[in-house]
Amino acid sequence: MPQMNREELQQLLQKEFPQSEVVVEDVGPCRSVVRIPIGERHLRPGGTVSGPTMMLLADTAMYVAILGELGPMLLAVTTNLNINFMHKPAAGCDLIGECSLLKVGKRLAVGEVSIHSEGHPELVAHVTSTYSLPPR
């Protein structure tokens, strides 16, 4: 059972990161699903979603999964994020990030995020990330 549910996590994001457009779709044991509604501001030349938008989505998916698992640990921070861009995302579709935490230790959490365009099965990006966790 997650320490924080979807509604609590969405409220926390709105309070602590009011600039964020990311929506928490689902959270469960060691996992999360988040969405970012794609608009003109997220596109780069060539009509594709920008890399920074995908990185934001992946980083938020990790943060949400960690907080869902451990509770409101606001000072958890990214120490590494590696992204592989696989396919061109669809410009007119929201992006969905699905995170799976691979290990949650005392000081570090490691996970991976798969990103795809809504309604399209192909992976647009694959991300691995490590977070530093504050003392509990």
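I began with the packing of helix 1 (residues 6–16) against helix 2, where the axes lie 11 Å apart at an angle of about 125 degrees. I looked up the residues in contact (heavy atoms within 4.5 Å): L9, L12 and L13 of helix 1 meet T60, Y63, V64, L67 and G68 of helix 2.

I note that this is a predicted model, in which local features need pLDDT of at least 70, side-chain atom pairs count only at pLDDT 80 or more, and totals for chains, interfaces and linings use all residues. Residues are numbered from 1 along each chain as its sequence is written, and side-chain values use heavy atoms, with hydrogens and water left out.

I next examined helix 2 itself, which covers residues 51–70. Its 20 residues reach 29 Å from first C-alpha to last, close to the 28 Å expected at 1.5 Å a residue, the expected span being 1.5 Å times one less than the number of residues. Because 14 of the 20 residues are buried, helix 2 is largely enclosed by the rest of the structure; buried means under 20% relative accessible area (1.4 Å probe, protein chains only). Just after helix 2, I recorded a positive phi of about 95 degrees at G71.

I then turned to S32 in strand 2 (residues 31–36). S32 counts as buried, with 1% relative accessibility. A polar atom of the S32 side chain lies 2.8 Å from the backbone oxygen of A61. Leaving aside residues up to four places away in sequence, S32 touches A61, V64 and A65, among others including G97, E98 and C99.

Technical notes
Helices (H or I, at least four residues) and strands (E, at least two) are DSSP runs, numbered from the N terminus. Buried means under 20% relative accessible area, exposed over 50%, partly exposed in between (1.4 Å probe, protein chains only). A polar contact is a pair of N or O atoms within 3.5 Å; within protein, one must be able to donate a hydrogen and the other to accept it, and residues adjacent in sequence count only if both atoms are side-chain atoms. Axes are lines fitted to C-alpha atoms, for helices over the stretch in contact, and angles run from 0 to 180 degrees between N-to-C directions.
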